[in-house]
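Please read them with the structure open.

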Number of protein chains: 2
Amino acid sequence: MTQRIAGPEIERLIQLLAKVPGLGPRSARRAALHLIKKKEQLLQPLSAAMAEAVDKVRVCSVCGNVDTADPCTVCSDPRRDTATLIVVEDVSDLWALERAGAMNARFHVLGGTLSPLDGIGPDDLNIAGLVSRVAAGGVAEIILAVNATVEGQTTAHYITDQLGGLGVKVTRLAHGVPVGGELDYLDEGTLAAALKARTVF
Amino acid sequence: MTQRIAGPEIERLIQLLAKVPGLGPRSARRAALHLIKKKEQLLQPLSAAMAEAVDKVRVCSVCGNVDTADPCTVCSDPRRDTATLIVVEDVSDLWALERAGAMNARFHVLGGTLSPLDGIGPDDLNIAGLVSRVAAGGVAEIILAVNATVEGQTTAHYITDQLGGLGVKVTRLAHGVPVGGELDYLDEGTLAAALKARTVF
């Protein structure tokens, strides 16, 4: 901008909005203007909701999820199967699996993957917490729902090693063709895995 | 979602973020998680910036811009040419023209366009304010920078009628090929206008 067109408070709001994932500098400007126009209906409630989140959100001491309660809503849900733990890299993966709604299990959030190049070792992840949860008993199966990346698979192998001798069944997500996916667009690795793991029709 | 995975405060934050232009339900979830993770660096300052905007932002009583000062930064800038007024539909257009930085003029925000079908008449727009600004004297030229839509052009004609007899020159933005635009992708109306308004090379 060649010259200031608005007070520093508005510029600051735009700059901060531009850091929100999904918004860039241009859309942050549009978002700021929309928020200012809908001051009572949107800007004020959103500001209050954010202040409340700052105040109340904490990391669950059991599983690593973020919630306003500790233990979190998932961990303290009595209807969930306590014998199955789904291990995920990140809270966003936990939320994605919950949206799928396929399993009524509990979770364990690692907080990342092993990545020697980035200096992330086992002590930087919530792996010790997982081992002690399993060692405490009551867990029959660990589902490793880590990303199908090199780092994810390395982490899965490391965790499997750590859990050896604790008598827990360790499984991982199936590889295959995504539901609704077209073969033509899939990579060779996925197609090979889907062929190998073919099931009777 | 089949079951609650987080406290109502987080759900409410996601719902409100989903109403921000540029964010949908899916990206609002991602944004909420990112904000929660960057609590100190982003969520807290953003919440404070929004609260400050709620508190301080007002509509400029002179031109209709939004700012934390009234008259706004543009209206109270002494280095601006007071003889030229650029008439725009919306504050976002004012900001867009300011970003272009081509003219050091002042503005007048109409707050929309005439649209009989939507029940928007002259009294719903800031047209009377424009007429009295011009009638007060000191304005030599009115640049109608309204959108090149039917409503925009109707509004431009109406304003020109209202300003008749006040001895002010009324101009409008040029039609033509956008800078960097490819002819092949332009509509017939634009091409015809660009041909008609051709200039000596």
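1. Salt bridges. Over all chains, the structure holds 12 salt bridges. The model is a predicted one, and every value below is computed from it. One pair deserves a look: B:Lys56 with A:Glu9, where the closest N and O atoms are 3.4 Å apart. B:Lys56 sits in helix 3 of chain B and A:Glu9 in helix 1 (residues 8-17) of chain A, so this pair joins two chains. Side chains of opposite charge can pair when their charged atoms come close.

2. How many salt bridges does the rule find across the interface of chain B and chain A? There are four. The A:Glu9 and B:Lys56 side chains meet in a salt bridge, at 3.4 Å from N to O.

3. Which elements build the side of chain B that touches chain A? Five elements of chain B each supply at least two residues: helix 1 (8-17), helix 2 (25-37), helix 3 (39-56), strand 2 (66-67) and helix 4 (91-100). Helix 3 of chain B gives the most, with 14 residues. By class, this side of chain B has 29 nonpolar, 13 polar and 17 charged residues.

4. Extent of the contact. Chain B contributes 59 residues to the contact, and chain A contributes 59 residues. The size of an interface is often given as the accessible area lost when the parts come together. Here chain B and chain A bury about 5600 Å² between them. Carbon and sulfur atoms carry 70% of that area.

5. The same surface serves both copies, for 100% of the contact residues of chain B recur in chain A.

6. Domains. Chain A is divided into domain 1, covering 8-56, and domain 2, covering 66-172. Taken over C-alpha atoms, the centres of these two domains of chain A are 34 Å apart.

7. Cis peptides. Please check the backbone at these sites. Most residues other than glycine have a negative phi, and most peptide bonds are trans. In chain A, the bond joining A:Asp70 and A:Pro71 is cis, with omega about 0°. A:Pro71 is placed in the loop between strand 2 (66-67) and strand 3 (84-88) of chain A. In chain B, a cis peptide bond joins B:Asp70 and B:Pro71, again with omega about 0°. B:Pro71 lies in the loop between strand 2 and strand 3 of chain B, where strand 3 is assigned to 81-88.

Conventions: Residues numbered from 1 in each chain as written. Chains lettered and ligands numbered in written order. Predicted model: local features only at pLDDT ≥ 70, side-chain atom pairs only at ≥ 80, totals over all residues. Heavy atoms only, no water. Domains from an automatic or database assignment. Contact = heavy atoms within 4.5 Å. Buried area = accessible area lost by both parts, 1.4 Å probe. Helix = DSSP H or I, 4+ residues; strand = E, 2+ residues; numbered from the N terminus. Nonpolar A, V, L, I, M, F, W, Y, C, P; charged D, E, K, R; others polar.
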